[in-house]
Structures are given as structure tokens and as C-alpha cells.
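Hi there,

Here is the structure I promised to pass on to you. Please have a look at it first, and then read on for what turned up.

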Amino acid sequence: MKITAIEAIAVRLPREREKAVRTAGSPTGLAEGRGDYRWSAVFPTLYPVHFETALVKITLEGGLTGWGEAQAPLAPEVACAIIDRLLSPVLLEAEFEGSIEEIERFWDSMYAAMRVRGQTGGFMLDAISGVDLALWDLAGKIQEKPVCELIPGSLKRPEVPAYHSGIPGATIEARVASALRRQAEGFRQFKIFYDCVREEFLESFRALRGALGADASLAVDALWRLTPEDAPAFGRALDEGCARWLEAPLMPEDALAHAALARRIRTPLAIGESYRTRYELAPFFRERAMGIVQPDLGRCGLTESLRIAAMAAEAGISVAPHLSIAMGPQIAAAIHFAAAIPNCDLLEYNPNVFEVANRFLTEPLDFDRARYSVPRRPGLGCDLKLS
């Protein structure tokens, strides 16, 4: 069957800013301003005011369609333009029978299209990932199997455990109360963001650690705010509280600094959301700079995430996919990936994001008692309704 159409759709939805703070896509408060993108109040990175992403729809002759999604929290129009202008010519009119080998060849062809022009990361790879997920969705539909069953060596888990990403609340007391409510719903794994001054954050970490008890784990996302000089002391404070991991501790460009930090603290480093390919992550593997790798399916696609997971397995490293602002295709792809990979036993969860995603699906994804149910329909199992 030939690929007859590729459509990229920029999505921008309203978001309740106050409700979203300290959760996925809005880990900190935002500086005041008038634009759609504002500086974080605590470190120099832009975040969106709205819920933004880029959807991809691929159609085969005969009308069968596959849905994908690029991680595009800022300027989704850029990823869409790349798909329209650069990636569509690679795929349009190509034969596609739904094999993994074909998808891998398409990924390699799309990556090669702009390699010599320096586009080996960023928006280019986000766009490739959206196309890649749509191809996997089509492959499952052609073979009449859920995507997780197409993955070689898949464990085919029926459910995937989740950790609660972000604990909202304006005060430490409010955050503790919020965490205890989630614990009563079945959560035993949590992550909090380093979103305030250090003394307040560590006080909050210790309060949460004490309130949740020994049977709960608490990870920390440092939002790249630490420096090589102050990170060891911060890490040792987390060691004392038996933190599950320390995520994104340092500026993402410096593999050697991450390796040095990993040698000085017990808490494992979790790294991955800043990178899109095994090539970008190779220095971190080589330097043994991380204990957990966190590919984002909307930035790496399923094809490259599987390659990264294979590298992690060889290095004895576990995988915990990053999952931030996302609609159904990204979330479903992450669920299928986590259900299949032997060295992955945990997936990120944000209730606000999940609710928005389900609003636009013909059949909602299922989540209960801190566990995702793996979609059983062919493909990703998340056809969209956009009208």
C-alpha cells in the first residue's frame, strides 16, 4: 500500500495556569508577560501558557490512517512545517506494508535528509518522531495487533505502573496533603520539582518523605538548576532521604560533569528528556553518567527509543520514559513502549494532561490505581476526534 497523505496539525488549547503549576509542562511558576511563552520564574527556560503539541496523520491508499504526535510544547507550527516541507517528500507515494524494518528504514531516511545540514536534534527530530509514531500506529492496524505486540522481545504486560509527576500546592502543608490524597488513590511513586529556593525545597522534600512513609519512593527533578560545584551537597541531602533518582541535575550539554556527580552521590541520576537520539546520549552512556535513561516518545519516536532502551539494557541501566505535555498518541506510545521493554517498569503520569488527552479520543485511555492499562486495540489504540 502506498502512503498517499501526511497531515501535520498544530494544537493550542487553553490551560489553567494555577492548576498546572508544579506539574508536567509547567514545573515552575512563570514570569509575568503578554506572550504565549514566558520565562520560568526560577531558571532561564521558556514555558508555554497554553497546552501545545503537534499531531500527525498518515493515510494509506484505501483510507487506513495512523496517528502520531511530536513533543512540541512551544511553537508546534515549526514541527508541522518540517513535516510538510521536508519529511513528506521522503514518505509520500512510498510503499508501506507495516513491517518494523520498513519503519526503521523510514526513520533512517528522515534523519539522513538533513544530517549534513546540522539538523540532528531539536525540532527536526521532534517532527520525525511524530511521523514515526503514526507509522507504528499504521503497522499495528495493518497487522491487527497492539503496538506492544509488534516489538521484538516484548513482555506484553497488560498494565504499566505509574509515578505521579509533580505535587501541586502553594505551601508545604498543601503539597503534603496533595501527596497523601494521591497515595490513598494507590500511588507509591512520586516526583517533585526543584521549583523554589533550596532551603524551602529541601524542607518540602523532607516533609513529603516523612509523610509518605517508607513504602513510597520520591524522585526529584532539578530542572537543570544545579552547578558542578553545588550539586554534590544537594545530592547528598537527597541521599539522606533515599530519593528514587535525581533528574536533570546539570546543564544538559555536559556529560563529564554528570559523570563526576554520579560518582559522588548514591542517588542515581536520571537523564533523557533533553536528547532525541542514541547519538546524543552516547557520551552519557560512555561516561556512566546516569542510572536511569528517560527517552521521550514524542522526541525520540518509538523506533529510536527502542534503540536507546537496547543500549541501556547492555549497560545495565533502567528506563523510565519521560512524558510531559501530550495527547493520546504520545501517551499511548509511551504505554506500549513501557509494556514491552524488560528494563522499564515505571511511566510518568500527570492527571491534568491525561484528562485533556482523553477528551479528544474516540475511546479514552484507561488509568486506575496508579496503573495504565495497555490499549488492546490494533495500533496505538488511540484514534482521535478533532471535531
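Two strands are taken to pair if DSSP finds at least two bridges between them. Please keep in mind that the model is a predicted one.

With that in hand, let's start at strand β7, which covers residues 189-193. On one side, strand β6 (residues 159-165) is joined to β7 by two bridges, and these strands run parallel. S165 has K191 of β7 as its bridge partner. Strand β8 (residues 217-221) also runs parallel to β7, with five bridges joining them. Here F190 is partnered with L218 in β8. Is β7 mostly covered or mostly open? Mostly covered: four of its five residues are buried.

At 1% relative accessibility, K191 counts as buried, because the limit for buried is under 20%. Its side chain meets that of E247 in a salt bridge, at 3.1 Å from N to O. E247 lies in strand β9 (residues 246-247) and K191 in strand β7, so this pair ties together parts that are 56 residues apart in sequence. E247 is buried too, with a relative accessible area of 1%.

Back in β6, you will find Y163, a buried residue with a relative accessible area of 1%. Y163 and A214 are 51 residues apart in sequence, and their C-alpha atoms are 16 Å apart in space.

Since E159 lies in β6 and R371 in strand β15 (residues 371-373), the pair ties together parts that are 212 residues apart in sequence. E159 counts as partly exposed at 35% relative accessibility, and R371 does so at 33%.

How many salt bridges does the structure hold? The count is 20. Another one of them links K141 and D137, at 3.1 Å from N to O. Both of these residues lie in helix α4 (residues 122-143), four residues apart, or about one turn of the helix. K141 and D137 are both buried.

E97 sits in the loop between α2 (76-91) and α3 (100-113), and is partly exposed, with a relative accessible area of 48%.

Enjoy exploring, and write back whenever you like.

Best wishes

Notes: Residues numbered from 1 in each chain as written. Predicted model: local features only at pLDDT ≥ 70, side-chain atom pairs only at ≥ 80, totals over all residues. Heavy atoms only, no water. Buried < 20%, exposed > 50% of the residue type's maximum accessible area, 1.4 Å probe, protein only. Salt bridge = Lys/Arg side-chain N within 4 Å of Asp/Glu carboxyl O.
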